[in-house]
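Have the model open beside you and try each task before you read on.

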Amino acid sequence: MDLEDQEILQKRARMIRGRKKEKASPVESLLAVEFMLIPEKYAFDSIYVSEVMMLHNLTTIPGTPSFIVGIMNVRGSIISVIDLKIFFNLPMKGISSFNKLLIVKHQQMEFGIITDEIVGTRQIDIHTLSAPPGTLRGVGADFIQGITPDGTILLNASNIFSDNSLIINQK
Amino acid sequence: MKLSFGMKKKTALIIAFGTIVFLVIIIQLISFLGISGLRQSEEKLNGAFQTNQKLVELRSGQNRLRVLMLEMILSKGAHEKGTAQRDIRQRVESMDSTINAIELLLAGSPGKVEKFSEIKKMIKIYNENRDNQILLINQGKDEEARAITFDVQAPLYEKIRDQIIDLGTVLQRETNQIIDQNASLSRNIFFLVILLSLLIIGASILFMIVIFKILRKISKELVSVVNIIGTSAAEILTTVNEVSTGATETATAVSETTTTMEEIRQTSLVATQRAQSVLESSQRASEAADNGKESVQQTIEGMTRINQQMNMIAESVVKLSEQNRSIGEITILSNDIADQSNLLAVNAAIEAAKAGEQGRGFAVVAQEIRSLAEQSKQATAQVKEILSEIQKAVNLAVIATEQGSKAVEQGNKLATKSGEMIEILAESVNDAVQSVIQISTSGQQQMAGMDQIVPAMENIKQASEQNVIGTRQTQKAAQSLNDLGRDLKKIIEMYNV
């Protein structure tokens with residue numbers, strides 16, 4: 001038992017050392033929050049993520065585009081909640097209280113993204129990212145920053161925030 | 001053949017025989033009559049001959065007497081005269097006997113007797129005269145004697161002689177007549193006999209022809225009859241042979257039957273024994289059926305108990321399921337907590353990242369919390385899995401319990417049915433016992449019957465054997481009949497007319 005514990009501790013020490021090394025070149029790596037839009041794993045730059053939370057008390061609003069599933073009160077402020085699956089024309093699974101909400105914020109714009117699961121945070125080396133393929137179904141290449149070797153799709157947050165459709169709807 | 005038309009052959013034969021016999025008798029009669037007639041004539045002839053002879057003797061005697069008288073007269077000596085006298089006396093005596101004989105012979109023919117009596121008288125006179133002469137001679141008066149001789153005696157002598165010759169002639173004539181008569185009579189008889197004989201011969205020939213024809217017919221009929229007898233005998237022989245074969249077969253069959261009877265008897269014995277053992281088995285089966293009934297009752301009770309247990313199990317399982325669900329809820333809660341912890345950790349990490357270098361230690365803590373949340377989640381997942389497994393097991397248990405319940409119900413039904421079956425079986429076994437008792441009784445009766453049949457079969461066997469012997473004898477008889485027919489045929493062929 002002591003031996004195993006030691007091993008685990010050593011592993012951890014190594015990890016921490018590695019992170020320190022990464023930290024040495026901050027431009028080349030970023031902390032991403034990974035989430036599941038089953039069956040794919042997506043990631044969002046943590047700079048834009050304000051919070052993750054359980055989805056609860058979702059209020060649907062009539063007369064809104066279909067990708068806006070409703071609004072939600074998060075600690076006193078009302079934010080709109082969108083479903084990227086609809087936005088990206090991905091197959092639907094339905095929403096339940098098991099879904100998690102990823103709240104993103106850029107400048108004055110803040111909204112929630114429904115995810116199936118929040119996987120966790122992760123350091124992604126930008127050099128390891130591969131460009132998205134030339135032709136993409138549904139989601140334009142604009143929304144994708146790159147794909148990690150293990151297949152996680154890193155979303156381009158700035159492009160999403162600057163997308164007209166979102167902005168127009170915001171109004 | 002034609003003669004016997006309309007008559008019976010017997011009658012015809014009798015008539016034919018009668019005719020022949022009648023003719024023969026007539027011939028005999030005629031012959032007898034003829035012969036007796038001839039004998040009479042012969043006697044007559046004989047008498048006549050004897051008479052003639054005696055007459056000749058008489059004549060010669062008379063002649064001798066005369067000669068002797070003359071000698072006496074002529075002789076001188078007294079001695080000589082005495083001798084002559086003696087001779088004369090002797091002659092006279094024989095003459096007398098001759099005369100008597102003649103008289104005797106002539107008796108029955110009156111004419112001749114009268115004639116002879118005259119002769120006799122004359123002879124008497126002659127003899128008296130001679131006696132006188134002898135007297136005269138003895139007195140010496142020879143002359144006177146001589147004179148008498150010539151004077152008296154000579155003519156008398158002549159007369160006597162003539163008379164005797166006359167009588168002899170008459171006799172001769174009669175004799176001739178008789179001879180003639182005999183000749184004619186014998187000729188007549190001869191012709192008559194010849195005629196009759198011819199008649200007999202003719203009748204015999206006719207008769208023979210008739211007999212011949214009858215015999216031929218009889219022979220023919222006999223031959224056919226013999227043939228029929230032969231055929232019949234052969235047929236009888238064949239039949240008897242067949243019967244003999246049949247009898248032998250019967251004997252064999254009877255013997256086989258006896259053997260079979262013995263076998264049947266054995267079988268019957270075995271059957272009786274079997275019946276006895278079956279009876280015992282049946283009784284055991286009856287007992288077993290009773291036991292079975294009890295067992296079924298016990299089974300039903302056991303089933304009921306099992307059913308109660310099953311119900312208890314079902315209740316327990318339901319409780320278990322409920323508790324499982326409670327645990328599940330708890331795990332959901334725990335999962336929720338883990339999720340939230342994870343979210344908190346993520347948030348902490350994000351916050352730490354925002355804090356820059358100051359948040360680095362916090363990031364480590366966040367990471368730790370996250371890993372704890374992860375572990376907790378994994379544990380929850382494991383618990384969930386286990387719970388799911390338990391739930392599956394519980395479901396299976398529920399299903400199994402339901403099936404068990406159903407099975408128990410079915411088992412109960414089956415046991416009840418088995419009970420009924422065993423009841424029926426017991427009744428059947430009781431019936432079987434009754435039947436077996438009857439069978440056993442029947443078997444014993446059958447045995448008794450068999451015991452009676454066996455001597456009967458023995459009797460039949462003996463009778464059959466006797467039958468065989470009898471048949472053999474019949475066969476022999478038929479054989480001898482056949483041989484007889486053949487012999488008869490041969491004989492008839494031998495005497496084939």
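**Exercise 1.** Work out the strand order of the open sheet of chain A that contains β3 and β4, and find its edge strands.

Solution. Step one: in this predicted model, 5 strands of chain A form the open sheet, in the order β3-β6-β7-β5-β4, and the pairing is mixed. Strands here are DSSP E runs of at least two residues, helices are H or I runs of at least four, and both are numbered from the N terminus; two strands pair if DSSP finds at least two bridges between them.
Step two: β3(A) and β4(A) (68–74) are the edge strands, each pairing on one side only.
Step three: from one strand to the next, the twist averages 30°.
Step four: β3(A) pairs with β6(A) (residues 100–106) in the antiparallel sense, over 5 bridges. A:M53 stands opposite A:L101 in β6(A).
Step five: α4(B) lies across β3 and β6 of chain A and runs at about 175° to β3(A). Angles run from 0 to 180 degrees between N-to-C directions, and axes are lines fitted to C-alpha atoms, for helices over the stretch in contact.

A note on conventions: residues are numbered from 1 along each chain as its sequence is written, while chains are lettered from A and ligands numbered from 1 in the order in which they are written. As the model is predicted, local features need pLDDT of at least 70 and side-chain atom pairs count only at pLDDT 80 or more, whereas totals for chains, interfaces and linings use all residues.

**Exercise 2.** Describe the side of chain A that touches chain B.

Solution. Step one: 12 residues of chain A are in contact with 10 residues of chain B (C-beta atoms, placed from the backbone, within 7 Å).
Step two: β1 (29–37), β3 (49–54) and β8 (117–125) of chain A each supply at least two residues of that side. The largest share, 5 residues, comes from β3(A).
Step three: by class there are 7 nonpolar, 3 polar and 2 charged residues. Ala, Val, Leu, Ile, Met, Phe, Trp, Tyr, Cys and Pro count as nonpolar, Asp, Glu, Lys and Arg as charged, and the others, Gly among them, as polar.
Step four: for the complex, the predictor gives an ipTM of 0.73 and a pTM of 0.40.

**Exercise 3.** How do α4(B) and α5(B) pack?

Solution. Step one: α4(B) and α5(B) (residues 360–494) pack at an angle of about 175°, with their axes 1 Å apart.
Step two: that makes α4(B) roughly antiparallel to α5(B) (under 35 degrees counts as roughly parallel, over 145 as roughly antiparallel, 65 to 115 as roughly perpendicular and the rest as oblique).
Step three: the residues of this contact divide into 76 nonpolar, 52 polar and 14 charged.

How values were computed. Two residues are in contact if their C-beta atoms, placed from the backbone, lie within 7 Å.
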